[in-house]
Amino acid sequence: MAGKTENIGYDLATEAIVGDLVFNETPSGSLACQIIDELLEDDNPADIGLSISFYPVWDKRKITDIRHVESVDLVFQPAADGRILAALSVGAGLRPARFEPKGETPNTMTEISAPTTVGADGVRPDHAADQINAWSTAVAQTAAAQVIAGSNLPEPSKARLSAQTWNTPQELQTAIEAERKYLADLSANNVIQIGGTAPRSAQISNMRTSLDRIEQALEALLSGQRPAEGIAPLTGIRELYHMLSGDYEMSGMFQADRIQFGSVNSSTMASMVANVLNKRVAQEFINYPMWWAPIVNEEDFQTLQNIQWTLLGGVGELPTVAEGATYTELTWDDSKETGTFYKKGGYLGLTLEAIDKDDTGRLRGAPRALAQAAWLTLSKSISYIFTQASGAGPNLTDGTALFHSTRGNVGTSALTMTTWNAARIAMRKFTELNSSERLGGLVVPKFLLVPPDLEITATQVIATEFDYTYALSNGVAAPVNINAEGEGFSARMAAARQRVIVVDMWTDTNDWAAICDPRLYPTIGVGYRYGRQPEVFSVASPTAGLMFTNDTMPVKVRFFYAVAPIDWRGMYKANVA
């Protein structure tokens, strides 16, 4: 809307509708005002006038009044002779000319327009069409510029399209689409193609190659499951061997000319089997009971150098610093215990005979066997700390056994509630390294380690609500068991299961041990190199080694770890005769 009308009325003397036009200070209002200014200044203006839409009051076939003016429009070649008389003032509006209706007025809303100029009375100049064409061209160019601006094309493309003339909107839209296709064709060679075979899909398929699919099928085969959707299952280990070696004659030699997949060489199958076994071994290993986890401090190392487990102490109590006084230097000491890395490992041989017989079950059982062997090896190394040297443990750097009477951390009494309480008292009195300060609650026993034979006894010591060994006399109730944790039987049993650790490797049926919380005070250190699970490797070669000499594809397993006591103060051992 360019503006509004004011002072509209019907003039009986001139038989015309007259009024004022007041234009808005908007782009459309400014454009309409500019057009009218040019018409008034031009001696031979274009045939542009006013068209009015209104509701008349009829008296038979004559209009006697106006009920409502709907709109006044600036149009080319108006239907009724209306005139623009003059500009009243800049910004104040224009007073339209009289309107002289011709012919009969319709019984509906009427449109009345003005002649071309003052005094022209319907006469159009010769160059009126040229002016109209100029206006039409300007409007078309403006519309084309807006369409081009919203096309999301690069700026050079927009500039090239803007420099041309377009006869129709469809012609311009066709040119924009052609420009887009041209730019897409230019960029086609720089686009990363997914899949590699035509026709390429617009869908990304998880970037899986043929070898990836075979490896996933092998994982499913060794897991005893169906592979994921879209992955063809393997019938057995023999099919895998034929696919990746081409050795249909089972000669043990790699036949490259028979392989249907790219990037396959003589070590591909062995490497794939080792990779899948690695995953399966790791999954199996973490399912085994890590009974030692609550009582040790675990750490990963970057070299195979001997580990120095360092314990600091000797500070004792912090001294008071007076106002304005200097701080005194603290005296501190350390002790170091050395842990040496063990390299444990071996290999499993997958023979050509087993492959030819399609003995998939044998290979499927390999991950469990390797994980079990690694778990058993590490488990025995940790438990051996307590059983070495007839239960005295290894010697520490001070030359004394881990469990020794001079330390006060060894006993000979069988496990009872009384002996457990005695161990608690003894451990709470342990003093800091090179200090007389008691460690107290830092080394109070939290975990009770027993062989399978003492599991029930240990649970009674930790979980029973009352002293179960107390003999009732004269109706006196048994004392409360201060070692029990939790309200109610279920809670006490749950707490006891967390604190009682059964060490199945211990063969002595009466020995037991107490250990504090390693988060408060370090006791035993376990170090790892190359991960906390065993590793599986492929070492197969068709021209050397076991594959060449024995028709056996070896799969090697390796495990690096170190185990050593850090300090004796958090541990107590009872070597019962």
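Biologist: What does Lys279 form a salt bridge with?

Modeller: Keeping in mind that this is a predicted model, Lys279 forms a salt bridge with Glu215, and their closest N and O atoms are 3.5 Å apart. Lys279 sits in helix α7 (residues 268-285) and Glu215 in helix α5 (residues 210-223), so the pair ties together parts that are 64 residues apart in sequence.

Biologist: And Glu215, buried or exposed?

Modeller: Glu215 counts as buried, because its relative accessibility is 15% and the cut-off is under 20%. Lys279, at 35%, counts as partly exposed.

Biologist: How many salt bridges does the count come to?

Modeller: The count comes to 16. Another of them is between Glu298 and Arg532, with the closest N and O atoms 3.9 Å apart. Glu298 lies in strand β8 (residues 296-300), while Arg532 is in the loop between β16 (524-529) and β17 (535-538), so this pair ties together parts that are 234 residues apart in sequence. Glu298 counts as partly exposed at 33% relative accessibility, and Arg532 counts as partly exposed at 33%.

Biologist: OK, what about Glu465, which side chain does it meet?

Modeller: The side chain of Glu465 meets that of Arg492 in a salt bridge, at 3.9 Å from N to O. Since Glu465 is in the loop between α12 and α13 and Arg492 is in helix α13, the pair ties together parts that are 27 residues apart in sequence. Glu465 is partly exposed at 40% relative accessibility, whereas Arg492 is buried at 11%.

Biologist: Staying with α12, which of its residues are buried?

Modeller: In helix α12 (residues 455-463), the buried residues are Ala458, Thr459, Val461, Ile462 and Ala463.

Biologist: What covers them?

Modeller: The cover over the buried residues of α12 includes α11 (417-428), β13 (447-450), α13 (489-499) and β14 (500-502).

Biologist: Switching to the surface, which residues form the nonpolar patch with Leu330?

Modeller: Leu312, Val315, Leu318 and Trp332 form that surface patch with Leu330, and together the five have about 510 Å² of accessible area. Leu330 itself is found in the loop between β9 (307-313) and β10 (333-339), and at 37% relative accessibility Leu330 counts as partly exposed.

Notes
Residues are numbered from 1 along each chain as its sequence is written. This is a predicted model: local features need pLDDT of at least 70, side-chain atom pairs count only at pLDDT 80 or more; totals for chains, interfaces and linings use all residues. Side-chain values use heavy atoms; hydrogens and water are left out. Patches are made of residues with over 30% relative accessible area and no salt bridge: like charges are joined within 9 Å, nonpolar side chains (Val, Leu, Ile, Met, Phe, Trp, Tyr) within 5 Å. Accessible areas come from the Shrake-Rupley method with a 1.4 Å probe; for residues, only the protein chains shown count as cover. A salt bridge is a side-chain nitrogen of Lys or Arg within 4 Å of a carboxyl oxygen of Asp or Glu. Helices (H or I, at least four residues) and strands (E, at least two) are DSSP runs, numbered from the N terminus. Buried means under 20% relative accessible area, exposed over 50%, partly exposed in between (1.4 Å probe, protein chains only). Contact means heavy atoms within 4.5 Å.
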